[in-house]
Amino acid sequence: MKMRNPPVNSLSLEFLTELLISLEKLESDKAFHAIILTSDCPGIFSAGLDLMEMCGRDPTHYAEYWKAVQELWLRFYLSHLVVISAINGVNAAGGCLLALSCDYRVLADNPKYAMGLNETLLGIIAPFWFKDTLVNTVGHRTAERALQLGLLFPPAEALQVGMVDKVVPEDQVLSAARSELAQWLAIPGHARQLTKSLMRKPTADRLLKERDADIQNFVRFISRDAIQKALRVYLEKLKQKKT
Ligand SMILES: CCCCCC/C=C\CC(=O)SCCNC(=O)CCNC(=O)[C@H](O)C(C)(C)COP(=O)(O)OP(=O)(O)OC[C@H]1O[C@@H](n2cnc3c(N)ncnc32)[C@H](O)[C@@H]1OP(=O)(O)O
């Protein structure tokens, strides 16, 4: 599955919906057993959630957007398919969450390709299920530091903390993901799927139980004047970087 939403694969509502439909199609076709998730945007895996979806819109839109973000995470996190990410670019916040929801992560060895949950740098907070997904991957202490500081880890550090499983030269990201896949596909499917569910269901259930409250919380938080202002300032900084 090659993500293509130029210029930065930001996760707009439309793009989230496309990803969701693609995933559902693959999951419902018995011929498919695995996905390699990668990017078609040079140098960028994903810039995360689309800031334009969270800025200057009305509460109904925020609620619809957040429901789609939740849905995509739940589907990827609990997918019965083997999902491996071949991370071939910088990968921030919501994009990093997507990669963390995969079963295995291969990252291209380029110092520019940092990844992490950098929400605090924008003045926003990673929701509990983003946090849980990170804790499940790197452990509590590393997650606590990474989340508070909004750290984006370059490849060597991402490997060291366990945010990714393998770092390989850039031209080998896909082949490395394919080689890894062979090992996962050699395991009896039902045993692997049930084990995945055993490991992940408690984390997903936390959100499933509180889904509506989580949407309301997001809408309340994102609608605050101070948060809107912080997002606008961040977007403006991104634009000024060019001049
Ligand atoms: C209680 C709940 C609270 C809320 C929880 C929210 C949870 C998750 C939040 C997120 O995922 S927020 C998104 C965080 N993402 C980032 O911080 C990354 C921001 N982007 C960048 O750092 C850079 O764009 C890049 C990815 C490193 C690429 O750099 P490059 O120089 O190649 O490209 P740019 O010139 O910076 O960008 C091109 C173009 O895209 C626009 N853009 C970039 N990122 C986003 C984005 N996330 N959403 C919307 N638009 C984005 C950027 O402004 C440029 O636009 P133009 O100037 O061309 O109009």
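The legends below describe close-up views of one predicted model. Local features need pLDDT of at least 70 and side-chain atom pairs count only at pLDDT 80 or more, while totals for chains, interfaces and linings use all residues. Residues are numbered from 1 along each chain as its sequence is written, and side-chain values use heavy atoms, with hydrogens and water left out.

**View 1**
The largest pocket has a volume of about 1,100 Å³. A pocket is an open set of points on a 1 Å grid over the protein atoms alone, with protein on both sides within 12 Å along at least five of seven lines, and its lining residues have an atom within 4 Å of a point. Grid points are joined across faces, edges and corners, and a volume is the space filled by probe spheres set on the points. The lining holds 42 residues, of which Ala47, Leu49, Leu51, Tyr234 and Leu238 are the closest to the centre. Two or more lining residues come from each of β3 (43–46), β5 (89–92), α3, α4, α9 (211–223) and α10 (225–240). Helices (H or I, at least four residues) and strands (E, at least two) are DSSP runs, numbered from the N terminus. The element that gives the most to this lining is α9, with six residues. By class, the lining residues are 27 nonpolar, nine polar and six charged. Here Ala, Val, Leu, Ile, Met, Phe, Trp, Tyr, Cys and Pro count as nonpolar, Asp, Glu, Lys and Arg as charged, and the others, Gly among them, as polar.

**View 1. The cavity.**
One cavity of 30 Å³ or more is found in a search of the whole structure. A cavity is a set of grid points where a 1.4 Å probe fits but cannot get out. The volume of the largest cavity is about 70 Å³. Its lining includes Leu11, Leu16, Leu49, Trp73 and Ser101. The elements that give two or more residues to this lining are α2 (59–78) and α3 (93–100). Eight of the lining residues are nonpolar, two are polar and none is charged.

**View 2. Stacked rings of tryptophan 66 and phenylalanine 130.**
The whole structure contains seven aromatic pairs. Rings of Phe, Tyr and Trp (its six-membered ring) pair if their centres lie within 6.5 Å; planes under 30 degrees apart count as stacked, over 60 as edge-to-face and the rest as tilted. The rings of tryptophan 66 and phenylalanine 130 are stacked, because their centres are 6.2 Å apart and their planes are at 10°. Tryptophan 66 belongs to helix α2 and phenylalanine 130 to helix α4 (residues 128–138), so the pair ties together parts 64 residues apart in sequence. Tryptophan 66 and phenylalanine 130 are both buried (under 20% relative accessible area; exposed is over 50%, partly exposed in between, with a 1.4 Å probe and protein chains only). Ring pairs link Trp66 and Phe130 with Trp73, Tyr77, Trp129 and Phe218 into a cluster.

**View 3. Edge-to-face rings of tyrosine 104 and tryptophan 184.**
With ring centres 6.4 Å apart and planes at 70°, tyrosine 104 and tryptophan 184 form an edge-to-face pair. Tyrosine 104 is in strand β6 (residues 104–108) and tryptophan 184 in helix α7 (residues 173–185), so the pair links distant parts of the chain, 80 residues apart. Tyrosine 104 counts as buried, at 11% relative accessibility, whereas tryptophan 184, at 22%, counts as partly exposed.

Of its 14 lining residues, the closest to its centre are Tyr77, Cys102, Asp103, Met199 and Arg200. The most is given to this lining by α8, with five residues. The lining has five nonpolar, four polar and five charged residues. Aspartate 103 and lysine 196 meet in a salt bridge (2.9 Å, N to O). A salt bridge is a side-chain nitrogen of Lys or Arg within 4 Å of a carboxyl oxygen of Asp or Glu. Aspartate 103 also forms a salt bridge with arginine 200, with the closest N and O atoms 3.8 Å apart. Aspartate 103 lies in the loop between α3 and β6 and arginine 200 in helix α8, so this pair ties together parts 97 residues apart in sequence. Aspartate 103 and arginine 200 are buried. The charged end of arginine 200 sits over the ring of tyrosine 77, 4.5 Å from its centre (NZ of Lys or CZ of Arg within 6 Å of the ring centre and within 35 degrees of the ring normal).
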